[in-house]
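The sequence and the model are shown first.

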Amino acid sequence: VELSRLPLREPYYVALAQAYAAAGELSKVDEVVAEMMESGQPPGQAMFSTLVEIYVQGGQLGRAMQAYEELKASLGVLPGPVLTALMQAAKGTGSVDAVLVLQSEMR
């Protein structure tokens, strides 16, 4: 089996996104997601959760909320740790609108 012919799976893309984020290359994170989608592998819970975490840690609450909305739309169910991380980030930035949206989701 040639390794170059094996399809890349979500864990590969998650690890790549995390590596770029750790290096401070947040613009490359978006490229990873685009590459993932171009390969026919739609982002799943692991990638969306990773994106939310990366953007929260990078101080980009708006981007984190966007990834959260995409996760919610694709799964219909939200992982608790993602919602908790977003809530903490929203409170930390003082974004009342985001806090209200997330509180309504928790009910």
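The model is predicted, so local features need pLDDT of at least 70 and side-chain atom pairs count only at pLDDT 80 or more, while totals for chains, interfaces and linings use all residues. Residues are numbered from 1 along each chain as its sequence is written, and side-chain values use heavy atoms, with hydrogens and water left out.

Helix α1 covers residues 10–22 and helix α2 residues 26–38; their axes lie 8 Å apart at an angle of about 165°. Helices here are DSSP runs of H or I with at least four residues, numbered from the N terminus. Axes are lines fitted to C-alpha atoms over the stretch in contact, and angles run from 0 to 180 degrees between N-to-C directions. The angle makes α1 roughly antiparallel to α2, a label for angles over 145 degrees. Their crossing is right-handed. In this contact (heavy atoms within 4.5 Å), residues of α1 including Y12, Y13, L16 and Y20 meet residues of α2, among them V29, V32 and M36. By class, the contact of α1 with α2 has ten nonpolar, no polar and three charged residues.

Helix α3 (residues 45–57) and α4 also have axes that come within 8 Å, crossing at roughly 165°. These two helices are therefore roughly antiparallel to each other. The crossing of α3 and α4 is left-handed. The contact of α3 with α4 divides into eleven nonpolar, three polar and two charged residues.

How many salt bridges does the structure hold? There are two, where a salt bridge is a side-chain nitrogen of Lys or Arg within 4 Å of a carboxyl oxygen of Asp or Glu. One joins E31 and K28, at 3.9 Å from N to O. E31 and K28 are separated by about one helical turn, because they are three residues apart in helix α2.

D30 is partly exposed at 32% relative accessibility, and R63 is partly exposed at 28%.

Methods
Angles under 35 degrees count as roughly parallel, over 145 as roughly antiparallel, 65 to 115 as roughly perpendicular and the rest as oblique. A crossing is left-handed if the near helix is turned anticlockwise from the far one by less than a right angle, and right-handed if clockwise. Ala, Val, Leu, Ile, Met, Phe, Trp, Tyr, Cys and Pro count as nonpolar, Asp, Glu, Lys and Arg as charged, and the others, Gly among them, as polar. Buried means under 20% relative accessible area, exposed over 50%, partly exposed in between (1.4 Å probe, protein chains only).
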